[in-house]
2 protein chains.
Amino acid sequence: MQHSTSSALVVSGWNRMSYSYSDNTFFSQQLESLIHKVHALVGNAITQNRYIVFGAGSTQVLSAAAYALSLQNTTSQSPTRVVASVPYYTLYKSQLEYFNSEKFKFEGDAYTWKNRSDGSANVIEFVTAPNNPDGRLNEAILGGPNVKTIYDRAYYWPHFTPIPAPADEDLMVFTLSKLTGHAGSRFGWAVIKDETVFNRMVTHMHMNSLGVSKDAQFRAFKLLKAVLEEGTGIFDFAYRTMKTRWETLAATLSTSNRLSLQNINPQYCSFYNEVREFSPAYAWLKCEREEDKDCYAVLKAAKIIGRQGNLFGSEDNYVRLSLIRSKDDFNILIERLQKLVSEEDGTRTM
Amino acid sequence: MQHSTSSALVVSGWNRMSYSYSDNTFFSQQLESLIHKVHALVGNAITQNRYIVFGAGSTQVLSAAAYALSLQNTTSQSPTRVVASVPYYTLYKSQLEYFNSEKFKFEGDAYTWKNRSDGSANVIEFVTAPNNPDGRLNEAILGGPNVKTIYDRAYYWPHFTPIPAPADEDLMVFTLSKLTGHAGSRFGWAVIKDETVFNRMVTHMHMNSLGVSKDAQFRAFKLLKAVLEEGTGIFDFAYRTMKTRWETLAATLSTSNRLSLQNINPQYCSFYNEVREFSPAYAWLKCEREEDKDCYAVLKAAKIIGRQGNLFGSEDNYVRLSLIRSKDDFNILIERLQKLVSEEDGTRTM
């Protein structure tokens, strides 16, 4: 709200009516240019001489990437295997299973496919770095000529993670939602090295929704412009917020033997030029007691609604809690966790 | 541009950030209420006690409908056959073939499947009324318990067609693009009778793009509000524009023996309370000469770019020309057609 003037917009009724822009593309070149500048400012991705595709949030961009890379498969008749290391973002599985294409099949945990000698199988690995749900800077598990990798970089911003170096992968996905917080605009983008993959992703956007809403593109333009005008200001603010939340959460659970948090070692951050703690978007909570197999139920009894571990390919003694909701929501979460921890001894099964 | 004040919008930077609205839906209830009012004003669709789903243009809504109805298939193991009567809107084919789901397969012309006794096959028929490319008020070709119908009503507005009666089909698709002209906003909607189909289409929007851009929804809200404030004014203006264009085109081709236009008999229009001519969005041009098998090439030689008949499942002696581009584009089209017609006798193969 502090930047309400610079990020405000005024639009005439007849503005941006047609499908395409004056250069006949579906994507605003001015917005693309801002995206390059934001990545250059933060140093979280190499985008020079890369192609950029826009989509309706990272959700649409991720499926575009999966379709584009599975079409790369010309050597095999069998569907491309799509994998991600556990715990993984549940959307990869639900989305691909929903689309139900003959071209690909979600096959679960990437570790299961490591060191398997099956040279003919084409594989796509989703690498989420920082990871959703646990915030770790995941790296690819699989490699080789038949493996394509989609790097989901949604959370690779200095308010969630140290930035050890600019990412420079073949296909990286970002989203406005985790940069400025404007999830409702549905605006995401991919940074791509290969022209064929780029063209296929553009085709996907045509087939899926005839491009991306110009209203969303214009909103993104205004927001990224405000980000750039602030210099590092927005990141400083967001980092302080996330760090304070994370420290509050860690302090709340510090005396608990029942609930534990993920622990990630600090790393050097090139944006802040110092070693920094992680301040992830989600807590990946573990119920430590043998009898607390259903951690979701344990939390639900305390009026805390998380997401079950099995949604992330994991066990149900894990639950994901969001730390990026409103201030009020976060304060209520902490209150209820404090209550749960304070009652801990009384609930112990002897 | 005449309505630039009433349809203008001002948005603060922090407005509409989160995925959902305060009632936890992804769709604006205020916008839904305006959609009901616009249909009631025009009398082109019954929307009381119907469900409404939003999407990124009719493009996304149409695929959501196809997915939702093919999931209805529980009686058959084989993929749902998707058909449309020739000439049909090319997107139905290209989109479904692109998504390549195991659940459905595009099978071309609906007439081919008429009177075939194959009781076990599930079928989805796209009925486009008015039709793209030829502007006719198509009706369903197929019927029976295994047939589901998606009515693409994108052009069912009084500037393109007489409105004989409000449409009242199970699943009808509309789009802002063909109502106010704002194609770039990517905003469309479906009006649905069945709750299960509605829920499946909502799921589709979640899986595809986590809902619809709130910026696009807000833009649609402002535009539909302006439409309602004008009463019938916007339709009167758009009808005059389309009618004048159609008459100019018909006059241009009236002396031609080489090129002919579709001919649709006038019908009673309940919106204007009189018998009215059609004023379609596209000319479905036929090259009448035996040697003009490639009508696209004939026009291209005259610097007129249309869309080949085969894209619509038809023969290549047909071409679709758009009449809904800018005034300048339309004037250039007419000039070039006049030139082509005036040179007609000289090009005749003897």
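Helices (H or I, at least four residues) and strands (E, at least two) are DSSP runs, numbered from the N terminus. The model is predicted: local features need pLDDT of at least 70, side-chain atom pairs count only at pLDDT 80 or more, and totals for chains, interfaces and linings use all residues. Residues are numbered from 1 along each chain as its sequence is written, chains are lettered from A and ligands numbered from 1 in the order in which they are written, and side-chain values use heavy atoms, with hydrogens and water left out.

**Exercise 1. Describe the surroundings of Arg50(B).**

Step 1. Arg50(B) belongs to the loop between helix 1 (29-42) and strand 2 (51-55) of chain B. Buried means under 20% relative accessible area, exposed over 50%, and partly exposed in between (1.4 Å probe, protein chains only). Arg50(B) is buried because its relative accessible area is 18%.

Step 2. A polar contact is a pair of N or O atoms within 3.5 Å; within protein, one must be able to donate a hydrogen and the other to accept it, and residues adjacent in sequence count only if both atoms are side-chain atoms. The side chains of Arg50(B) and Asp168(B) form such a contact at 2.6 Å. A polar atom of the Arg50(B) side chain also lies 3.0 Å from the backbone oxygen of Gln48(B).

Step 3. Contact means heavy atoms within 4.5 Å. Leaving aside neighbours within four places in sequence, Arg50(B) is in contact with residues including His36(B), Val191(B) and Lys193(B).

**Exercise 2. Is Asn49(B) buried or exposed, and is Asn100(B) buried or exposed?**

Step 1. Asn49(B) lies in the loop between helix 1 and strand 2 of chain B, and its phi is near 55°, a positive value in a residue other than glycine. Asn49(B) counts as exposed because its relative accessibility is 76%.

Step 2. Asn100(B) is in the loop between helix 3 and strand 4 (104-109) of chain B. Its phi is positive, about 60°, although Asn100(B) is not a glycine. Asn100(B) is buried, since its relative accessible area is 17%.

Step 3. Helix 3 (residues 90-99) of chain B is mostly covered, with seven of its 10 residues buried; among them are Leu91(B), Tyr98(B) and Phe99(B).

**Exercise 3. Which residues are in contact with Tyr67(A), leaving aside its neighbours within four places in sequence?**

Step 1. Tyr67(A) is placed in helix 2 (residues 57-71) of chain A. Tyr67(A) counts as buried because its relative accessibility is 1%.

Step 2. Leaving aside neighbours within four places in sequence, the contacts of Tyr67(A) are Phe99(A), Ser101(A), Phe104(A), His204(A), Tyr67(B), Tyr98(B) and Phe99(B).

Step 3. A polar atom of the Tyr67(A) side chain is 3.1 Å from the backbone oxygen of Phe99(B).
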